Amino acid sequence: MKRRLLLAIPLLLFIALAALLYRGLSLDPSSRDSALLARDFPAFSLSSLEDPEARLDASLLKGQVTLVNVWGEWCPTCKQEMPQLLDLAARDVRLIGVDYKDSREKGRAFLEEFGNPFEVNLFDPEGELGFDLGVYGAPETFLVDADGVIRYHHTGYITPEDVTETIMPEVRKWQ
Amino acid sequence: MAMTATSRLASRCLGLTLLAALLLALLMGAFADPARAAVEVRDFDSPVTAERYRSLTGALRCPKCQNQAIGDSNSPVAKDMRERVAALLREGRSDREIQDFMVARFGDYVLYNPRLEDRTLLLWGLPAALTLLGGVLVALIVRRRRRASARELSADERARLNALLNRPPDTSGDH
């Protein structure tokens, strides 16, 4: 009987491995936790999309929970995402945009066409802030708490379900 | 006698197979240097720096792509990362500092060669531990079989063997 059990060990190991790999099949390899979770929002000094003379830095993010959304006129998914961002703004979430690798004209035209849920938009034409945030494709969204610490990271498209099921609970959690 | 020969042959085959697998693994390790195609032409003041650039961009993984080094990828983020690697090299930073810089932004994902840390002990140690375990198991099995087959026949068994071989009982002796 003991030998029988010993013989079953390879089978059990195989089943465990198969289960692990099967789970891996349904994971999204492009969504990973940001390396910046639980870290301070990176320092920056940028103008705003609205005002080329403005100088904004990371103190902008202190004091209240903020969603920072990295977008660009060149990014089709960002257009699809705008209704969800407008919805979040309507739910009294503070949103700040990062206009990433874009031109002022195109960025402004984008907001005119699709609406502007952002309190202000950081203008990042060279993608420096994006690089420090570890952005590898827009849209990406970061939740920053009142102390300026990054608490949640969303890679890619925010669906209407994500708004109610993930983003809003995260916002409330850190408020 | 026949049993001993078979088990000896089996253990020799197993030994050879293990040796071949080991050699294959070593060869693959030696030739697994990723093919690198520098996308831009860059000038460095010394060939040593140029070589370091080549090896760094070959060992940093593009965060946007599934499995490509930044030296191989055309994606915008890979281009930004190559530029940053070149800039940091010109500033005189060490390879380790440049890797740390990328990991701080894009996470451990960008290292093709994970570092040996507390968190990665399982990753690095499991293959070695499993190989060791397998080796010990095989050695135990081979030894037990050898011992079992090398056992002297009892008087009863010898009588039965002689009966089967149709030999008179007295002619039995050592093989």
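Trainee: Is D95(B) buried, partly exposed or exposed?
Mentor: This is a predicted model. In it, D95(B) counts as partly exposed, at 27% relative accessibility.

Trainee: Which residue forms a salt bridge with D95(B)?
Mentor: That is R52(B), and the closest N and O atoms of the pair are 2.7 Å apart. The two come from distant parts of the chain, 43 residues apart: R52(B) is in helix α2 (residues 47–59) of chain B, and D95(B) is in helix α4 (residues 95–106) of chain B.

Trainee: And how accessible is R52(B)?
Mentor: R52(B) has 25% relative accessibility and counts as partly exposed.

Trainee: What does α2(B) pack against?
Mentor: It packs with helix α3 (residues 76–90) of chain B. The angle is about 145° and the axes are 10 Å apart. The crossing of α2(B) and α3(B) is right-handed.

Trainee: Why give both an angle and a distance?
Mentor: Because two packed helices are described by the angle between their axes and the distance between the axes.

Trainee: Which residues meet there, between α2(B) and α3(B)?
Mentor: From α2(B) there are T49(B), R52(B), Y53(B), L56(B) and T57(B). From α3(B) there are R82(B), V85(B), A86(B) and L89(B). By class, this contact of α2(B) with α3(B) has five nonpolar, two polar and two charged residues. R52(B) is in this contact and also in the salt bridge with D95(B).

Trainee: Back to salt bridges. How many does the structure hold over all chains?
Mentor: There are 14.

Trainee: What about chain A, which residue pairs with E170(A)?
Mentor: E170(A) forms a salt bridge with K173(A), with the closest N and O atoms 3.9 Å apart. Both are in helix α5 (residues 160–174) of chain A, and because they are three residues apart there, about one helical turn separates them.

Trainee: Is E170(A) buried or exposed?
Mentor: E170(A) is buried, with a relative accessible area of 16%, whereas K173(A) counts as exposed at 55%.

Trainee: Where is the salt bridge of D108(B)?
Mentor: D108(B) forms that salt bridge with R119(B), the closest N and O atoms being 2.8 Å apart. Both residues are in the loop between α4 and α5 of chain B, 11 residues apart. D108(B) is partly exposed, at 40% relative accessible area, and R119(B) is exposed, at 61%.

Trainee: Which residues are linked in a network of salt bridges?
Mentor: R96(B), D100(B) and R115(B) are linked that way.

Terms used:
Residues are numbered from 1 along each chain as its sequence is written. Chains are lettered from A and ligands numbered from 1 in the order in which they are written. This is a predicted model: local features need pLDDT of at least 70, side-chain atom pairs count only at pLDDT 80 or more; totals for chains, interfaces and linings use all residues. Side-chain values use heavy atoms; hydrogens and water are left out. A salt bridge is a side-chain nitrogen of Lys or Arg within 4 Å of a carboxyl oxygen of Asp or Glu. Helices (H or I, at least four residues) and strands (E, at least two) are DSSP runs, numbered from the N terminus. Buried means under 20% relative accessible area, exposed over 50%, partly exposed in between (1.4 Å probe, protein chains only). Axes are lines fitted to C-alpha atoms, for helices over the stretch in contact, and angles run from 0 to 180 degrees between N-to-C directions. A crossing is left-handed if the near helix is turned anticlockwise from the far one by less than a right angle, and right-handed if clockwise. Contact means heavy atoms within 4.5 Å. Ala, Val, Leu, Ile, Met, Phe, Trp, Tyr, Cys and Pro count as nonpolar, Asp, Glu, Lys and Arg as charged, and the others, Gly among them, as polar.
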